[in-house]
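This report walks through one protein model for a reader who has not seen it before. Please look over the sequence and the structure below before reading on.

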Amino acid sequence: MAQDELQKLINLIARLPGIGNKSAQRIALYLIKNKQDLMIPLSESIELTAASIKKCNTCGILDTQEPCKICSNPDRLSSIVCIVEDMADVWAFERSGFFKGHYHVVGGLLSAAKGFSEQDLKLNKIKERIEKNNVKEIILALSATIEGQTTALVIKDFFESLEIKITQLAYGVPIGSEIHYLDDNTLGAALESRKNF
Ligand SMILES: [Zn+2]
């Protein structure tokens, strides 16, 4: 019985992204060795988070409160909405501390292979927000991949008829990098999005 539970734990850990069976065994052993100060708090934290986590009804951010902390923060600008693919992108923006507006998490990028269609973007929900909160600008912050750019174009087309500014993150030279190390596409994009100096 005990062996079965351990095997079950290893099998579950192995289902996490980027974790193979060997790593799962190592993690399970590590947890067992650190039962009091890691394994038990971790299991409690997973249980509590599973019970309380939800998607904000307005913006799609994962939070334990509804509306989420960003939607309900009076210091954030509701007139600027940054459209991102998932929660990890929100965390990246929040880590940088540069963005003070609201978000809209679309939850995926258009892809026939992954079965993610235009309906899944729930653009009508963003439209509702634009009208309700008097949104002045939408920032498209989607990946610089074919799927990301296709999705950005579809979103741009959808909102083109509205009186609203639609912007996209600039692509270009990463801070601290040297020009001769850039790949051709990045260099081309940087040249295209050059600005007055
Ligand atoms: Zn929210």
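Which residues in the largest nonpolar core touch the most other members?

The model is predicted. Its largest nonpolar core has 24 residues, and those touching the most other members are Cys-59, Ile-61, Val-81, Ile-83, Val-84, Tyr-103 and Val-105. Strands E3 and E4 and helix H6 (146-159) are the elements that give two or more residues to this core. The most comes from E3, which gives four residues. In soluble globular proteins, nonpolar side chains tend to be buried together.

Once neighbours within four places in sequence are left aside, Val-84 is in contact with Asp-89, Val-90, Tyr-103, Val-105 and Ala-141. Tyr-103 and Val-105 are also among the core residues that touch the most other members.

## The sheet

E3 and E4 belong to an open sheet of four strands, in the order E4-E3-E5-E6, with parallel pairing. The edges are held by strand E4 (101-105) and strand E6 (165-168); each has a single partner strand, so one side of each has no neighbour in the sheet. From one strand to the next, the twist averages 25 degrees.

Strand E5 (residues 137-140) pairs with E6 in the parallel sense, over four bridges. Within this part of the sheet, Ile-139 stands opposite Thr-167 in E6. Strands of a sheet pair through backbone hydrogen bonds, either parallel or antiparallel.

## Backbone features in the loops

Most residues other than glycine have a negative phi, and most peptide bonds are trans. Some places in this model depart from that pattern.

The peptide bond from Glu-66 to Pro-67 is cis, and its omega is near -5 degrees. Pro-67 sits in the loop that runs between strand E2 (62-63) and strand E3 (77-84).

Lys-122 is not a glycine, yet its phi is positive, at about 50 degrees. This residue is in the loop between E4 and helix H5 (123-133). Lys-122 counts as partly exposed because it has 15 C-beta neighbours inside 10 Å. Asn-134, in the loop between H5 and E5, also has a positive phi, near 55 degrees. Is Asn-134 buried or exposed? Asn-134 has 10 other C-beta atoms within 10 Å, so it is exposed.

## Arg-76 and its surroundings

Arg-76 is found in the loop between E2 and E3. With 16 other C-beta atoms within 10 Å, Arg-76 is partly exposed. Not counting residues up to four places away in sequence, Arg-76 touches Ile-70, Lys-100, Gly-101 and His-102.

Arg-76 and Ala-112 are 36 residues apart in sequence, and their C-alpha atoms are 35 Å apart in space.

## Domains and confidence

How is the protein divided into domains? Its domain assignment gives domain 1 (2-52) and domain 2 (62-180 + 184-190). The C-alpha centres of domain 1 and domain 2 are 34 Å apart.

The protein has a mean pLDDT of 92, and 98% of its residues reach 70 or more.

Methods. Residues numbered from 1 in each chain as written. Predicted model: local features only at pLDDT ≥ 70, side-chain atom pairs only at ≥ 80, totals over all residues. Pairing = 2+ DSSP bridges. Axes fitted to C-alpha atoms, helices over the stretch in contact; angles between N-to-C directions. Buried ≥ 20, exposed ≤ 12 C-beta atoms within 10 Å, placed from the backbone. pLDDT = per-residue confidence, 0-100. Domains from an automatic or database assignment. Core = buried A, V, L, I, M, F, W, Y, C linked by C-beta atoms within 7 Å. Contact = placed C-beta atoms within 7 Å.
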